[in-house]
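Student: I have a structure open on my screen and would like to understand it piece by piece. Could we go through it together?
Tutor: Gladly, let's look at it and take one topic at a time.

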Amino acid sequence: MELAAFVDRLDEALDTAAYADLDASANGLQVGPDEGTVEHVAFAVDGVQKTFEQAIEADADVLVTHHGISWGGFDRVTGRTYDRLQPLIENDLALYVSHLPLDGHQELGNAAGVADVLDLENRQPFGELGPEYIGQRGRATDSYTPAELREQLESNLETGGQPVQVLEFGPDEIEEIGIITGSGTDWLDEAVEAGVDALVTGEGKQKAYHEAREAGIHVVLAGHYATETFGVRAVQERVESWDDDLETSYFEVPTGL
């Protein structure tokens, strides 16, 4: 498959253009030639030296990640930025990134993957960001206690051995759940207004403790990395369905954070 066609197809599937003015990340093809072909696609959560090395070792043509290397552009290509770019260019490895589009996609996104784990129904977009959304909410098929919700997430997420933390300030029975993966406690007010019993996210901020306590809502901190493995894996499955001749690999580099 031509690289340009591969990029266009992913951009369309993930609605990349809709987030162009909302995301600090440069979504889409961040590093790559004007012309190229794709036979082997690698996937990982983070675009970093470790995953670049793994993709190069696997002889991949393009690496698809959730977190890339361009957040508002480069002032200088020196130091750590140079060290990250060098192996990509020297080994003709393209880098495709989908940050907020892959958080908010209602089928392929990270929040949708967490919702699958929690067996949520009556799902709808959640976590407004301008005209778009970066999360999902729904109703548990069977209500959870805080302990059961923690156990369900710990059993199904790549937490790197770290416990899921629950700020237990909500009701004894959890039915309505909002999900914003990664760092989503800034949407706590929206969760309260939506009437959810718990907000599931990756990592928290100091103020979230007091805000959750005062609002009477559970906040579940399941790990930034752990809540954001779903999107790239879902995209991998989608790419595999495009062409039987495309080889794919997935590289797990859990941070425990």
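Student: Is strand β8 mostly covered or mostly open, and how many of its residues are buried?
Tutor: Keep in mind that this is a predicted model. A residue counts as buried when its relative accessible area is under 20%. Strand β8 spans residues 174-179 and is mostly covered, the buried ones numbering 5 of its 6 residues.

Student: Which way do β6 and β8 run, and how many bridges join them?
Tutor: Strand β6 covers residues 132-144 and runs antiparallel to β8. For a contact you can find on screen, take Gln-136, whose bridge partner in β8 is Ile-179. The number of bridges joining β6 to β8 is 5.

Student: Now for the charges. How many salt bridges does a search of the whole structure find?
Tutor: Side chains of opposite charge can pair when their charged atoms come close. The cut-off for a salt bridge here is a side-chain nitrogen of Lys or Arg within 4 Å of a carboxyl oxygen of Asp or Glu. Searching the whole structure gives a salt bridge count of 7.

Student: How many residues apart in sequence are the parts tied together by Glu-107 and Arg-238?
Tutor: These two form a salt bridge, with 3.1 Å between the closest N and O atoms. Glu-107 sits in the loop between α4 (100-104) and α5 (110-117), while Arg-238 belongs to helix α9 (residues 230-242), so the pair ties together parts whose separation in sequence is 131 residues.

Student: Which strands are tied together by Arg-137 and Glu-176?
Tutor: Arg-137 and Glu-176 form a salt bridge whose closest N and O atoms are 3.2 Å apart. The two residues are 39 apart in sequence, so their pairing ties together strands β6 and β8.

Student: How far apart are the closest N and O atoms of Glu-176 and Arg-139?
Tutor: Glu-176 is buried, at 18% relative accessible area, whereas Arg-139 is partly exposed at 30%. Glu-176 forms a salt bridge with Arg-139, and the closest N and O atoms are separated by 2.8 Å.

Student: Where is Asp-15, and what is its phi near?
Tutor: Asp-15 is found in the loop between α1 (3-14) and β1 (28-31). With 43% relative accessibility, Asp-15 counts as partly exposed. Its phi is another positive value in a residue other than glycine, near 55 degrees.

Student: Which residues form the nonpolar patch on the surface, and what is their accessible area together?
Tutor: One of them is Tyr-82, which lies in helix α3 and is partly exposed at 42%. Phe-74, Val-77 and Tyr-82 make up the patch, and their accessible area together is about 270 Å².

Student: Which residues gather in the patch of negative charge?
Tutor: One member is Glu-247, in strand β11 (residues 247-250), which is partly exposed with a relative accessible area of 46%. The residues of this surface patch are Glu-39, Asp-59, Asp-244, Asp-245 and Glu-247.

Notes: Residues numbered from 1 in each chain as written. Predicted model: local features only at pLDDT ≥ 70, side-chain atom pairs only at ≥ 80, totals over all residues. Heavy atoms only, no water. Patch = residues over 30% accessible without salt bridge, like charges linked within 9 Å, V, L, I, M, F, W, Y side chains within 5 Å. Areas by Shrake-Rupley, 256 points an atom, 1.4 Å probe, with all protein chains shown as cover. Lys, Arg positive; Asp, Glu negative; His and termini not counted. Charge placed at Lys NZ, Arg CZ, Asp CG, Glu CD. Helix = DSSP H or I, 4+ residues; strand = E, 2+ residues; numbered from the N terminus. Buried < 20%, exposed > 50% of the residue type's maximum accessible area, 1.4 Å probe, protein only. Pairing = 2+ DSSP bridges.
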